Amino acid sequence: MISRDEKRWKITAYIILSIMAVLALLPFILLIMASFTDDTVALMNGYSFFPEKFSMDAYQYILDNSNTFFRAYGITIIVTILGTAVSMILTSMTAYILSKRDMPGVKILNFMIIFTMLFNGGLVPTYISYTTIFHIKDTLLALIVPNLLMGAFMVMLVRNYFEHSIPGELYESARIDGASEFRIFGTIVLPLSVPIMATVGLMSALAYWNDWQNSIYYISDKKMYSIQAILNAINQSISMLASLGDTAGASAAQLPTTTIRMAIAVVGILPILIISPFFQKYFAKGLVAGAVKG
């Protein structure tokens with residue numbers, strides 16, 4: 001039997017969470033409505049949840065330049081899938097090693113990884129390393145590799161999950177049965193780590209999908225641009241022409257308008273909005289379980 005105080009608490013919690021959910025959705029709704037707004041009206045009156053004049057011109061522009069946008073979409077999808085898969089493999093294997101506190105040298109490895117969460121070599125030496133030593137400039141690797149080596153936080157999450165959410169007796173019984181570490185990792189640890197691996201996978205996928213900085217640093221060939229890089233390039237171009245004022249002249253007319261930026265943003269976030277709800281339950285559970293202090 002639920003007491004009256006518990007009912008009041010639940011009702012209050014539901015009301016507060018509902019308000020927060022609506023507030024979180026409002027920016028996305030405004031973004032979508034802005035993409036369907038006539039550009040002239042948007043420039044004169046700003047954006048509104050109820051546009052004075054609807055227009056499909058922004059999406060027509062995307063269709064007219066479909067080759068560019070489809071290629072960028074394809075690059076984004078490939079980079080996200082490959083980067084997320086490799087990131088999950090490296091993260092889980094590294095975390096499994098770090099979870100073995102009795103293994104020789106594991107304390108040094110833990111220190112080295114935690115150290116990278118606090119300090120890094122900076123942009124200049126990183127750029128020089130990737131372009132002159134590893135030669136990944138203007139390749140798909142330029143959009144994948146830099147983010148692979150920036151996941152110390154996720155390694156710690158997965159390590160804590162392996163240590164505190166999987167009973168140690170399972171490891172011992174498997175070793176008594178003669179299972180190797182690779183078999184324990186593949187047949188016991190990973191199947192029991194779906195929540196944290198889904199969390200890490202979603203975080204990695206979001207990082208790759210939304211990444212545009214690597215394109216700025218390592219991509220000079222516009223044919224290798226991701227969808228986010230194209231959106232950033234359009235924003236930069238329009239900002240530059242706006243600062244020039246009337247001197248821009250005819251060049252401004254050839255560039256995408258304000259509502260087209262919104263339309264590209266909508267196209268860019270749609271897959272994430274569709275996929276995220278399916279991973280939400282794993283995401284919350286994985287963060288809580290992986291955040292246990294070791």
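**Aromatic pairs**

I searched the whole structure, a predicted model, for aromatic pairs and got 10. I then picked out Y96 and F162. Their ring centres lie 6.3 Å apart. Their planes stand at 75°, and over 60 counts as edge-to-face, so I logged the pair as edge-to-face.

Where do Y96 and F162 sit? I placed Y96 in helix α4, residues 66–98, and F162 in helix α8. The pair therefore ties together parts that are 66 residues apart in sequence.

**Aromatic cluster**

Which residues form one aromatic cluster? I listed Y127, Y130, F134, Y217 and Y218.

**A lysine over a ring**

I looked at K100 next. K100 lies over the face of Y171. I noted 3.8 Å from K100 to the ring centre.

**Helix α5 against helix α8**

I returned to α8, the helix that holds F162. Helix α8 covers residues 152–164, and helix α5 covers residues 106–118. I found that their axes come within 8 Å. The crossing angle is roughly 135°.

Which residues make the contact? From α5 I wrote down N110, I113, I114, T116 and M117. From α8 I wrote down A152, F153, V155, M156 and R159. I sorted the residues of this contact by type: seven are nonpolar, two are polar and one is charged.

Definitions and conventions. Residues are numbered from 1 along each chain as its sequence is written. This is a predicted model: local features need pLDDT of at least 70, side-chain atom pairs count only at pLDDT 80 or more; totals for chains, interfaces and linings use all residues. Side-chain values use heavy atoms; hydrogens and water are left out. Axes are lines fitted to C-alpha atoms, for helices over the stretch in contact, and angles run from 0 to 180 degrees between N-to-C directions. Helices (H or I, at least four residues) and strands (E, at least two) are DSSP runs, numbered from the N terminus. Contact means heavy atoms within 4.5 Å. Ala, Val, Leu, Ile, Met, Phe, Trp, Tyr, Cys and Pro count as nonpolar, Asp, Glu, Lys and Arg as charged, and the others, Gly among them, as polar. Rings of Phe, Tyr and Trp (its six-membered ring) pair if their centres lie within 6.5 Å; planes under 30 degrees apart count as stacked, over 60 as edge-to-face and the rest as tilted. A charge sits over a ring if NZ of Lys or CZ of Arg is within 6 Å of the ring centre and within 35 degrees of the ring normal.
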